[in-house]
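Thanks for asking me to look this one over. My notes follow as numbered points, to be read alongside the model.

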Amino acid sequence: MSGVSVELSGSEIIIQFLKDEGVKHLFGYPGGAVLHIYDALQKQDDVMHVLVRHEQGATHAADGYARATGKPGVCLVTSGPGATNAVTGIATAYMDSIPMVVLTGQVPSHVIGCDAFQEVDAVGISRPCVKHNFLVKDLNKLAETLKKAFYVATSGRPGPVVVDIPKDITAPHIKVPYLYPEKINMRSYNPNFKGHPRQIKRAVGLLLSAKRPMIYTGGGIILDDASAELRQFVRKLGFPITQTLMGLGAFPGTDPQFIGMLGMHGTYEANLAMHECDVLICIGARFDDRITGVTSKFCPYAQIIHVDIDPASISKTINADVPIVGGARQVLAEMNKILDNTELSIDQTALEAWWQRIKSWQEEESFAYDRNSDLIQPQAVVEELYQVTNGEAYITSDVGQHQMFAAQFYPFDEPRRWINSGGLGTMGFGLPAAMGVKLAFPDKDVACITGEGSIQMCIQELATCLQYDTAVKIINLNNRYLGMVRQWQEFFYEKRYSHVNMDSLPDFVKLAEAYGHVGIRVDKPADLHDAMKEAFKLKSRTVFLDIITDREANVYPMISAGKAHNEMDISPLQQQKQASLKGRGEKV
Amino acid sequence: MRHIVSLLVENEAGALSRISGLFSARGYNIESLTVAETEDSTLSRMTIITSGSDRIIEQINKQLNKLVDVVKLQDMTEGNFIEREMMFVKVKAEGESQRAEVKRLSDIFRARIIDVTDTTFCIELTGSGEKLDAYIRAMHENNIVEVVRSGSMGILRGEKALTL
């Protein structure tokens with residue numbers, strides 16, 4: 001294509017552009033406003049279209065694909081309800097900064113604003129939950145607009161971009177010259193990747209002076225592919241590291257320097273280390289309220305270094321003493337360079353004492369659960385999954401207790417393996433996301449850890465799984481409750497359970513079979529291992545493991561609203577252990 | 001504290017709603033907002049009067065800068081600037097003495113009478129927000145028929161300018 005322009009219709013431009021941009025998969029659902037585009041789509045095989053069963057599924061599948069591959073996820077939906085159904089998935093991607101381009105059909109230009117059939121102001125509706133959006137008004141600017149959309153979506157702090165395309169723009173008989181725009185220049189958008197050298201030097205100096213240092217990283221490391229640089233950095237310093245829910249896998253979950261996830265359901269040791277540290281470096285995370293607990297009591301003794309590509313994330317909720325605006329990879333590489341060329345003046349005695357304190361917290365085993373129960377414990381299911389998949393599977397999840405158990409009990413050693421809706425907390429995300437991942441990596445094990453509440457929010461995608469042979473394993477932690485809401489009602493509403501009881505559930509085994517898949521029910525701990533093995537042995541089949549778990553299992557530790565990192569609720573088992581390790585003098 | 005923020009934005013449909021939407025979505029105050037095309041037809045100049053703590057103002061500036069349609073931003077409050085607002089006031093002007101009084105008052109404020117009927121005057125007045133407030137107070141509430149205010153515009157003093 002290079003150099004020579006050809007005459008193409010709007011629909012042909014869209015398809016040719018996607019090819020030129022290297023897009024392999026397009027998740028979509030046809031409808032009136034996108035008929036011309038679908039006609040162009042069926043004339044080629046380079047871009048594979050995945051017909052989902054609901055537009056929300058398309059966005060989550062594209063999102064999962066993007067999180068696993070690092071490439072932008074791409075969707076195509078029709079106007080009106082097609083666009084509104086996509087909004088939840090767009091908002092999900094926005095909150096987690098996932099690169100995504102959503103093409104929405106629009107009614108023809110001349111009837112926009114006339115309340116036409118299936119007309120909705122897609123640009124207006126999506127505006128608060130996109131990085132940017134466009135309405136294409138001129139066919140001659142279509143290719144340029146698409147290029148801008150991909151550029152904005154994938155650069156800087158990534159995010160979803162919506163391109164709304166009126167039907168007349170895609171008409172087959174109107175053709176204009178097309179040339180793939182290799183580069184695009186936008187005067188109002190120039191993300192900065194390079195951190196300020198002086199600030200970076202200051203940060204390293206502060207780190208080396210620490211007596212109780214902490215490294216806290218998030219999804220920004222994964223988005224910027226900075227995992228290798230982070231590993232070097234952490235190992236050079238020998239400091240403890242904690243990661244957010246979004247950051248898991250950037251640093252290996254099984255490495256002794258990793259002291260677990262932090263925040264509302266983080267480990268005891270990670271949260272206490274946050275509270276007690278004297279220097280904190282945060283890279284690619286945003287001090288979310290699920291991380292900080294009450295901000296007035298957050299890291300009371302720490303000087304804080306904050307590295308983020310988005311200036312608006314710095315000093316938004318927590319003031320940064322050393323702010324560094326820049327990409328995680330570039331800033332970490334700079335810091336590593338400085339560390340290589342400096343004599344490391346770390347106070348090793350202080351660091352050793354710090355590690356001893358952390359180890360004393362670790363001894364309390366904050367994740368301990370009843371391993372002798374007659375009921376299947378949800379934690380045991382995740383541990384079994386870890387064993388059977390050698391810790392190497394791609395794991396998606398929905399939202400609730402099962403999501404926290406997955407994050408706690410499946411330590412990820414590689415980035416992009418843990419795929420969940422962190423910021424928006426979207427139930428229904430897991431299954432379509434798993435589908436997107438499996439399409440990207442057909443030879444890898446992909447499992448969706450879910451619950452009987454979440455799975456029903458996008459269960460229709462089981463049909464898509466059959467159509468495209470995306471053999472994912474659904475691990476349904478079925479406790480017949482909306483577990484996380486029930487837990488809050490137990491803790492904060494004196495067990496007044498209000499509408500969390502999932503009565504009249506479908507028979508998931510039969511449901512899976514009705515969709516053409518394999519269903520297996522497990523209700524005894526002794527059967528768990530064999531069932532899990534069996535599920536993963538069926539390489540080419542989607543398997544729905546309906547696992548009947550302890551109804552009232554809780555996620556521990558927990559920082560409740562208005563509390564600080566050192567005010568966790570801990571499990572009854574940890575309380576026993578704490579008593580038996582008496583004399584530590586650590587307050588809960 | 002009150003801040004006056006000037007922006008150069010892409011002169012495109014939707015740019016205004018992105019900016020006003022940001023203020024409502026994040027719960028920021030907006031006292032006034034004025035916007036019009038500049039000498040370069042691809043750019044609009046916007047002046048926003050807002051208020052908040054230093055942290056909120058810093059967030060407002062950062063969040064505005066993050067919008068793809070915002071080309072350039074300047075918080076005028078950080079420097080030496082001129083601020084003006086324009087106002088039309090329609091007032092009752094009946095009988096010799098009232099008409100003379102309105103005329104006299106308008107002269108004091110250097111306001112101009114731009115339309116006249118047997119019973120009303122329409123007056124144009126430019127100045128700081130406080131000056132316009134003072135004029136309205138001096139005119140007495142029950143004499144005022146209608147008030148139209150433009151919202152403030154700002155420009156930096158000296159050679160410094162907000163341009164591309």
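**Notes on rings, a helix and the overall fold**

1. In this predicted model, the charged end of Arg417(A) lies over the ring of Tyr394(A), 4.8 Å from its centre. Arg551(A) likewise has its charged end over the ring of Tyr481(A), at 3.8 Å from the centre. A charge counts as over a ring if NZ of Lys or CZ of Arg is within 6 Å of the ring centre and within 35 degrees of the ring normal.

2. A word on conventions: residues are numbered from 1 along each chain as its sequence is written, while chains are lettered from A and ligands numbered from 1 in the order in which they are written. Local features need pLDDT of at least 70, side-chain atom pairs count only at pLDDT 80 or more, and totals for chains, interfaces and linings use all residues; side-chain values use heavy atoms, with hydrogens and water left out.

3. Over all chains, the search finds 20 aromatic pairs (ring centres of Phe, Tyr and Trp, the last by its six-membered ring, within 6.5 Å; planes under 30 degrees apart are stacked, over 60 edge-to-face, the rest tilted). One of them joins Phe27(A) and Tyr65(A) edge-to-face, at 6.0 Å centre to centre and 65° between the planes. This pair links strand E2 (residues 25-28) to helix H3 (residues 55-69) of chain A, its partners being 38 residues apart. Helices (H or I, at least four residues) and strands (E, at least two) are DSSP runs numbered from the N terminus.

4. Are these two partners buried or exposed? Phe27(A) is buried at 0% relative accessible area, and Tyr65(A) is buried at 5% (buried is under 20%, exposed over 50%, partly exposed in between; 1.4 Å probe, protein chains only).

5. Do look at the aromatic cluster too: Tyr386(A), Tyr410(A), Phe412(A) and Trp418(A) make up one.

6. In chain B, the buried residues of H3(B) are Gln98(B), Val102(B), Leu105(B) and Ser106(B). They lie on the same side of H3(B), because they cover an arc of only 100° around the axis (from the directions between helix axis and C-beta atoms). On the other side, Glu96(B), Ser97(B) and Ile108(B) are exposed. Just after H3(B), Arg110(B) takes a positive phi of about 55°.

7. Finally, chain A as a whole: it holds 21 helices and 20 strands, and buried residues make up 60% of its 588 residues. Its C-alpha atoms fill a box of roughly 80 × 60 × 40 Å along the principal axes.
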